[in-house]
Amino acid sequence: MAAPGTNARAPDVTITQRGAERLAKGHVWIYKSDVKTTPRTLANGSAVRVMDPGGRCLGVAHWSEKSQISLRLLSRLDEDPEALLRTRLSLAVALRKRLY
């Protein structure tokens, strides 16, 4: 996984201060009304870096332009989304092999 602050592959989505406060309280989603800026060419389902209004990365999320829940948090770290998914899938497969 990428070191914190080095995730160059995922585009940034900036959220409002209210959205950042919700994440700080433990929420794992961001409503469309709390999304401040997005890249113009952001594809539905893309993994993105969630940024607070001050430019600090709050984690990685999946983007949905059609849902009222626009961002669903995957991690509270600034991680490479592809590496994160590979790691989680590997752990899930290993657990399944042990159980079944």
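Six strands make up an open sheet, ordered 2-6-5-4-1-3, with mixed pairing. The model is predicted: local features need pLDDT of at least 70, side-chain atom pairs count only at pLDDT 80 or more, and totals for chains, interfaces and linings use all residues. Residues are numbered from 1 along each chain as its sequence is written, and side-chain values use heavy atoms, without hydrogens and water.

Some terms come first. Helices (H or I, at least four residues) and strands (E, at least two) are DSSP runs, numbered from the N terminus. Two strands pair if DSSP finds at least two bridges between them.

Axes here are lines fitted to C-alpha atoms, for helices over the stretch in contact; angles run from 0 to 180 degrees between N-to-C directions.

Strand 1 (residues 12–15) and strand 4 (residues 47–51) run parallel, joined by three bridges. In this pair, D12 stands opposite R49 of strand 4. Helix 2 (residues 81–99) packs on the sheet. This helix touches strand 4, strand 5 (57–63) and strand 6 (69–75), and its direction makes about 65° with that of strand 6. Contact means heavy atoms within 4.5 Å.

Between strand 6 and helix 2 lies a loop, and L77 is found in it. Is L77 buried or exposed? L77 is exposed, because its relative accessible area is 53%, and exposed means over 50%, buried under 20%, partly exposed in between (1.4 Å probe, protein chains only). Leaving aside neighbours within four places in sequence, L77 is in contact with G59 and V60.

Step back to the whole chain. Along the sequence, the pattern is β-α-β-β-β-β-β-α. The C-alpha atoms fill a box of roughly 45 × 30 × 25 Å, taken along the principal axes. Of the 100 residues, 34% count as buried. Among contacts with a separation of 6 or more, 50% join residues 24 or more positions apart.

Last comes confidence. The chain has a mean pLDDT (the predictor's confidence in each residue, from 0 to 100) of 91, and 92% of its residues reach 70 or more.
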